[in-house]
Every structure is written in C-alpha cells, then in structure tokens.
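Hi everyone, thanks for coming along. I'd like to walk you through one model today, so please have a look at the screen before I start.

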Amino acid sequence: MKLTRAVDDRTEDLYKQGKIPGVIFSQRGHEAIAVGASYALEPEDVLAPMHRDLGAYLLRGMTPGTIFAQAMARIGGPSRGRDTNTHGLGDLSLGIIGYISHLPQSMPVTLGAAFSFKYRGEARVALTFTGDGASSEGAFSESLNLAAVLNLPAVFILENNRYAYSTPTHHQYATRNLVQRAEAFGMPGYTVDGNNVLDVWQVTAEAVDRARSGGGPSLIEAHTMRMRGHAIHDPANYVPKQLLEEWETLDPIKITTDTLRNQGVLDHTTEADIALKVKTEVDAGLKWADSSPLPNPDTLTAGIYA
Ligand SMILES: Cc1ncc(C[n+]2csc(CCOP(=O)(O)OP(=O)(O)O)c2C)c(N)n1
Ligand SMILES: [Mg+2]
C-alpha cells in the first residue's frame, strides 16, 4: 500500500513537471481495495484491474518502472509509448489482463477467462474490479447474470467511491448500496470497508475459495471515497470539503499503520526500513523509465492490423 501511494504521488509530481503527456488517475483511498483483494489470489489466477487499482499491478509484480514508462509514453511501458493512459496496461505473464476502458468492459473479459478455467477443468479464479458508475452500464448486469448462470469461478469487486466523475451516487441510484444486485442475479454479495485492507483480504479470500472449489461467483461491494478528482485535470470542486475531511481520517494507510503500531507489530525501525525500501524502488523505477526512449516515429503503424 505504501508503494502504491509512493508511485501515485511520484506520478503526480511527474505530471506537474510536464513529463506526462496524457492523463493520470489518483489511487488515493483505493490502496486497501486493490492490495487486499489481489492478495487473496494465487499466482495461477488472473485479474483485470481498473484505473484505481495500481496496488493490484504492483502486487502481481509489475514494476514501478513499467508504470512510470507507461505514463511517460516510453517504449518500456506495456503499450510501448502508444498510450500514456492506464488503457492497455497489462501483462499476461503476470496474470494481469490489460485494462480496456474505465467502464465495465473488463467484466465480460474476466467472465471469458473464468469460463475457460471451468471449461478446461483448471482450479483457477478470475477477479476483476469495477466502479459505482460502471455498475449502471449493461455489461455489468449481463456479466453478473452470465457468471451466475454458468456458475463460473469469478470474483467481482465493486469499488463504491461515492462518485463517478462528477456524479455523486445519490444522483445515480436510489438505493444506499449496490451489493443487493448480487442477490438479484443469484450470487452471494458482500459489503466491506474498502479502507480496511485486512477486511478486504478476508472477504475476497472467502469468495476466491468458493470460486476455486466450484461454488461459483461473488460480488463484493467495497466502500471508500475518491480522495481526488476523477483524473489529474479535475479539481473536483463539486465534492463537499467536509466529506473529504471525514474520509481523510479513515485513510487506509493511516488506519493500517495505527493498528499495526498499537498491536506492537510495527516499530520505528520496521517503518523506516519500509520507507527506505519504497523510496529506493520508486527512485530506481523512475531512473529506468527515464532512460527508456520515446517510440521511434517510424514504428507508428507497427501493431496496427485493421
Ligand atoms: C463507455 C464509457 N463511457 C464513459 C467513459 C468515460 N468515463 C471513464 S471513467 C468514468 C466514470 C467511472 O466512474 P466509476 O465507475 O464510479 O469509477 P471511478 O472513476 O469512480 O473509480 C467515465 C464516465 C468511458 N471510459 N467509457
Ligand atoms: Mg466511482
């Protein structure tokens, strides 16, 4: 989670320095969901992250250097400098399905992966993330329905962060929660505090276990707050300050740190070690990404088939 925050913060710095030609999405507040859920998977499983799931990429082994290279349009990034966004950010060798769009299009693809595991008789699980805004699109409901009908080994994490771009959830649906959509399609639904990494991990581990043992899919609604604008260019003046202040006290890294300190698990030496490790990894990643060139214009049409 600290590595996620550090990469996120450094990416914001790079943007302000004019080194990022595209758009970036803040991960702040989402670290516990991405990390906790991904931690519940085994290496043979696959996952399809969304645009606030940097922690999932890092946990699966994508390096900070690769993330920076993608953002800076360098050939070291997975889209080889052709897209500076999270679009296309994936690596199947790490079990990461490349990100398609911000809305729920990773769900049908995850469904396909889960179907292939079942069809081949492999004890593997496919997990994906989606958003409160994404949940209003058809592919969300269609994917839940088919996953339940086919009893597929899939886990769907709905990151309810109170906003979809500038739309607050109460302008989008009249219910308080979205988890009941699970029941509507015939699968178990869980609600979890998305700022508590252990809770997210525990609930996801249960859903993953059930999926792996043939018990079918689950929907997990993880509640959190989007702590920045939709993307870097959005000052989010439409979000009430008080709401942000309330959620700031629930910051997932602060909560985890406090808990571990109180339990005597985390002492100053360990904290300093973690901070140093994170800084070293981020610095080395950035150095590597900065040494990766921009794509050669002669290769502009390479990889274009239609
Ligand atoms: C089909 C489609 N429509 C619109 C967009 C533009 N768009 C990208 S993300 C987004 C809001 C997503 O909100 P949510 O699912 O709540 O995720 P969050 O950004 O809050 O994490 C929109 C409207 C898109 N990428 N694709
Ligand atoms: Mg949202």
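Let me begin with a term I'll need in a moment: two strands count as paired if DSSP finds at least two bridges between them. One caution as well: what you see is a predicted model.

So, with that term in hand, how many bridges join β6 to β7? There are five, and the two strands run parallel. For one bridge you can follow by eye, take Asp-193, whose partner in β7 is His-223. Strand β6 covers residues 189-193, and its side chains alternate.

Are Asn-161 and Tyr-163 buried or exposed? Asn-161 has 6% relative accessibility, and because the cut-off for buried is under 20%, Asn-161 counts as buried. Tyr-163 is buried too, with a relative accessible area of 8%.

Keep Tyr-163 in mind, please, as we turn to ligand 1. There are 16 residues around ligand 1, and those that come nearest are His-51, Arg-52, Gly-133, Ala-134 and Tyr-163. By type, the shell divides into six nonpolar, seven polar and three charged residues.

Now for the contacts of ligand 1. The side chain of His-51 places an N or O atom 2.8 Å from an oxygen atom of the ligand. From Ala-134, a backbone N or O atom lies 2.8 Å from a ligand oxygen. For Tyr-163, a polar backbone atom is 2.8 Å from an oxygen atom of ligand 1. As for cover, ligand 1 taken alone exposes 580 Å², and the protein buries 73% of that.

You'll find His-51 in the loop between β1 (46-48) and α3 (54-59). With a relative accessibility of 7%, His-51 counts as buried. The side chain of His-51 also makes a polar contact of 3.0 Å with the side chain of Tyr-99.

A quick stop at helix α2, residues 31-39. How many of its nine residues are buried? Eight are, so the helix is mostly covered. The buried ones are Glu-31, Ala-32, Ile-33, Ala-34, Val-35, Gly-36, Ala-37 and Ser-38.

Last topic: backbone angles. Most residues other than glycine have a negative phi. Tyr-165 is not a glycine, yet its phi is positive, about 50°. Tyr-165 sits in the loop between β4 (163-164) and β5 (167-168), and with a relative accessible area of 39% Tyr-165 is partly exposed. Ala-236 has a phi near 55°, again a positive value in a residue other than glycine. Its loop is the one between β7 (218-223) and α9 (241-248). Ala-236 is buried, with a relative accessible area of 10%.

Thanks, and I'm happy to chat.

How values were computed. Residues numbered from 1 in each chain as written. Chains lettered and ligands numbered in written order. Predicted model: local features only at pLDDT ≥ 70, side-chain atom pairs only at ≥ 80, totals over all residues. Heavy atoms only, no water. Buried < 20%, exposed > 50% of the residue type's maximum accessible area, 1.4 Å probe, protein only. Near = heavy atom within 4 Å. Polar contact = N/O pair within 3.5 Å; in protein donor to acceptor, adjacent residues only side chain to side chain. Areas by Shrake-Rupley, 256 points an atom, 1.4 Å probe, with all protein chains shown as cover. Nonpolar A, V, L, I, M, F, W, Y, C, P; charged D, E, K, R; others polar. Helix = DSSP H or I, 4+ residues; strand = E, 2+ residues; numbered from the N terminus.
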